[in-house]
Amino acid sequence: MADSPEEINKKKKLYMVIGGLLFVFTAITVMVATFEPLDFGEHGFDHVDAIIGLAIAAFKASLVMLIFMHLNHEKKLIYFIYGLGLVMAFFCMALIGWAKFDPIRFGNWEHADGFYNPEKPATKPDH
Amino acid sequence: MEIPFVVNARKDTGLFNSKVGIWLFLASEVTLFGGLFSAYLFLRLYADYPWPERALPVLPGLINTFVLIASSVTVVFAWAALKMREWRKFQIYMWITLLCALLFLGLKGVEYKAKFDHQAVRISGGGPVEDFGILEGHVHYVKLDGDKLEEVPYENRHDEGVFPANRLIFKASDLTFALKRPAHEAYVDMILEQTPEGSSIKLVDDYVVDGETIMEKGTELSIDVLSDLEDSFLDARARDSKIRTQFEKASWAWIKNEQGVTDMSTYVVETDLWKDRRAADVVAYTPLMLSAAAEVAFKIEPPFNLVLDPDDTPRGLRTNEQVRLRDDTVVKGKMLDSPIIMGVDAIDFSYTAQRAELEDIDPMEVIKTSWILTHEAAHHDGDGHAEEGSGKADHRNDFKKAWDCHTAWLKYETERLKEDGRVPTDNDKYRVNWDQMLAYKKLDYDPEAVYNAAKADDGSLYSTHLFDPSGFAGANHKKYEFPHIEIPRDKIGFESTFTPKWNTYYAIYFVITGLHGLHVIGGALVLGYYLFFGRKMYESNPEWLANRVEVGGLFWHFVDLVWIFLFPILYLM
């Protein structure tokens, strides 16, 4: 932990730089999502935009965690506690995979995207 | 007593205790928000309707992101100032942090308000996919003129008798209250408030319990009258059930002591012995029962028009002859025309298109048959604008005109994107957004002009842009006039403001941002406590205060961290 006045003063400059970086990357996120020449992948929102958006968010989040929350030099215990939380959060996300492997199926499922339509004949009409 | 390890580190952990505490808390918070993000992912991946992509106005969210980042910087500066023992600087940085929190919450409030004021209606019935066209806009204000609705200007919305035009108008002639549901105050209040002078609501028959008249025929409805009736009913019912219990107890004693049944398991009740005894019981106690009426009827004379919030009587509980309120009060009478009247700022056919695609029908063909585009405009603007060269009067309603312009715009957009091998999105194709509504209107609903303006790409099409403050939190109905519509009740498949009821996107939006907002409030309260009540501790033990601020700051950074993910996910994806 930075305790001496000189070290803290040095840190303050770093905090300013990180704050600036966060501002810049926020602007980039918005640009990528709204400015057409920067629209990667298909036109409009698609998985490429999702990956870019989340990657920028993850980068910004790590800056906040590492610098503002001092996780760049912290005691082992903290890493353990916080890591546990992250693992649990990841586990929550992974849980929805169950829905993929165990869908509710009944009636006529004509379409791969899984819409149930009792009125619909089991096969596609020929046209 | 001195609290150990709040200033100095413990030897085994190398940390002061409150820091371990806050990190344990933050780890649990990560799991909590992880669960909510997981819920968001689940709802989105498995949504059976077109997920609203990039549906929120970006600007308020963007400003809020900047605000939170700035406050993260100032809170860490406040901590650094305490470490350097600069009280004045600490105060300044903490003040800025708190003002940022306030600004954030204020903007959130503006956004929420815009959602609460924004009405959506899904049209139902007709066509191969039951329509499913969606209209979004602001409900106009009306008052009753006899049995007819009369529009009043927005400025007069607070006048007496004025209400938003999404209500049900029901000519009420009879009221029946269910006395076993003793929670009628809210609705009785509402009904009495709306009762016009000259109308009276009177008890139809004497309410009699055990030969005694509790309330005489002709008594006027009031909360006191109703609660007296409820009390007598509940007392009578309690007495009845006491008698029934006594009989049942006697029967249990009889079957055990006189019939020698010692196995008192539940199977006893299946035996003929028990069943016969109980049948005899019923015959014996029935004359002793008070059997007070569970419902009381009131007559409304002369009938008057009751204005009901559709939420007070959900669809399954109402017909044209009677409505059942949520407290089981039944109102009989006649439903009058209760259209939703609004200014429409967006037309969305993406739901229609999705359903059409499932049926293997061309979405554009289905959309053409939608009621939105085919209905006769009640308030026809009557400018007799003729289609060029046809010589005939233009009978298209404003929405059909807007849609024709949209098709022209889409034609150009498709051509333009094709050059790069790209295609328009579903949003491009099936949704006419508020800025497009304005643009088409500005060009007099002339498809050719729209096509040319889009091609010219000189900014002549749109009068607004992303950072236009006039569309800060959505379409601005005060500044612009949007096409007017009167949607008959029987065409309304589903209606709601943009609240959790509308769809799962808004449900998860309000859950996550609401919880995040509560975190902002909680964090600001703690940081505010250090600022306003920290002086004493600063003088006696400044290092302790610095540690406290560090811990509060860690929480604040976490709140920022959550928003860093929320902003792109909710606003940009």
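Me: Which residues of α5(B) meet α6(B), and what makes them count as a contact?

Reply: This is a predicted model, by the way. On the α5(B) side you have B:I243, B:R244, B:F247, B:S251, B:W254 and B:I255, and they meet B:L273, B:W274, B:R277, B:R278, B:D281, B:A284 and B:Y285 in α6(B). The cut-off is C-beta atoms within 7 Å, so these residues count as a contact.

Me: How are the two helices placed against each other?

Reply: Helix α5 (residues 223–258) and helix α6 (residues 272–285), both of chain B, pack at an angle of about 145°, with axes 10 Å apart. Their crossing is right-handed.

Me: Why do β3(B) and β5(B) count as paired?

Reply: Pairing needs at least two bridges, and these strands have 3, so they pass. The sense is antiparallel, and B:V142 stands opposite B:F163 in β5(B).

Me: What makes β4 and β5 of chain B edge strands?

Reply: The open sheet runs β4-β3-β5 in chain B. Each of β4 (148–152) and β5 (162–164) pairs on one side only. Neighbouring strands are turned by 45° against each other on average, direction ignored.

Me: How many residues does each chain bring to the contact between A and B?

Reply: Chain A brings 47 and chain B brings 52. On the chain A side, α1(A) gives the most, with 14 residues.

How values were computed:
Residues numbered from 1 in each chain as written. Chains lettered and ligands numbered in written order. Predicted model: local features only at pLDDT ≥ 70, side-chain atom pairs only at ≥ 80, totals over all residues. Helix = DSSP H or I, 4+ residues; strand = E, 2+ residues; numbered from the N terminus. Axes fitted to C-alpha atoms, helices over the stretch in contact; angles between N-to-C directions. Contact = placed C-beta atoms within 7 Å. Left-handed = near helix turned anticlockwise from the far one by under 90°.
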